[in-house]
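Hi,

Here is the structure I promised to pass on. Have a look at it first, and my notes on what turned up follow below.

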Amino acid sequence: MLSLAVTLDAAHDPTAASPREEDHALVRAAGGGDVRAFEQLYRKHARRVYAVLWRLCGHEARAEDLVQEAFVRAWQALPAFRFESAFSTWLHRLAVNTALMDLRARRGAEALEDDDAALAFEATGDSAGQRTALGLDLERAVATLPPRARAVLVLHDVEGWKHEEIAAELGMAVGSSKAQLHRARGLLRTRLGEAHEPE
């Protein structure tokens, strides 16, 4: 009973560092060359970074490669971290940009639709049942989307980016970003509908 009280007191200790402060201390140490501090940052944030990269690229092995690439870039960029935001926010944005650079680099190898072709897939109003679809079916359906449609959907609907930001990052017109989002939502509705049709 005494040990539980001690644990609870420690958990409510006002002098205890916040997760942001802990991260900043690790960043300072890692910026000074402390590899162990950077390993702690990696262990603490790799899972969340992997989740967003997997959604963006739709492929497990590629997401794992991009996680490694993002953390290499983070290690190299640590001296530029200004401690104005949470490290997790900075790292998250760096990881997303790593995935977007990869997407742009691969763009030439894939057939990309223009605005008119993407708009041909524009969907009608959202159905509440389909819009609230959760779990593995949704994750699998997102992974099957064409790369740019998937990237726009994840950045807009999951990450909360504006179309202007997406267009700038992906090198497309704002209208194309909107068209790709409509296309992605329409394809998701179709695929989720097919997955839930009675046999």
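In α4, the buried residues are R62, A63, L66, V67, A70, F71 and A74; buried means under 20% relative accessible area, exposed means over 50%, and partly exposed is in between, using a 1.4 Å probe and protein chains only. Helices such as this one are DSSP runs of H or I with at least four residues, numbered from the N terminus. Among the things covering the buried residues of α4 are α3 and α5. The helix has 18 residues and reaches 25 Å from its first C-alpha to its last, close to the 26 Å expected at 1.5 Å a residue (the expected span is 1.5 Å times one less than the number of residues).

Before you go further: this is a predicted model, where local features need pLDDT of at least 70 and side-chain atom pairs count only at pLDDT 80 or more, while totals for chains, interfaces and linings use all residues. Residues are numbered from 1 along each chain as its sequence is written, and side-chain values use heavy atoms, with hydrogens and water left out.

Now the core. The largest nonpolar core has 50 residues, and L53, L56, F87, W90 and L170 touch the most other members. By nonpolar core I mean a set of buried Ala, Val, Leu, Ile, Met, Phe, Trp, Tyr and Cys residues joined through side-chain atoms within 4.5 Å. Helices that each supply at least two residues of this core include α2, α3, α4 and α11. The largest share, 10 residues, comes from α3. Setting aside neighbours within four places in sequence, L56 is in contact (heavy atoms within 4.5 Å) with V96, A99, R150, A151, V154 and L155.

Then there are the salt bridges, six in the structure. The term means a side-chain nitrogen of Lys or Arg within 4 Å of a carboxyl oxygen of Asp or Glu. In one of them, K44 meets D23 at 2.8 Å, N to O. That pair links distant parts of the chain, with K44 in α3 and D23 in α2, 21 residues apart. D23 is buried at 5% relative accessibility, whereas K44 is partly exposed at 37%.

Another pairs R55 with E139, whose closest N and O atoms are 3.3 Å apart. R55 sits in α3 and E139 in α8, 84 residues apart.

R185 and D157 also form a salt bridge, at 2.8 Å between the closest N and O atoms. R185 lies in α11 and D157 in α9, so this pair ties together parts that are 28 residues apart in sequence.

Cheers
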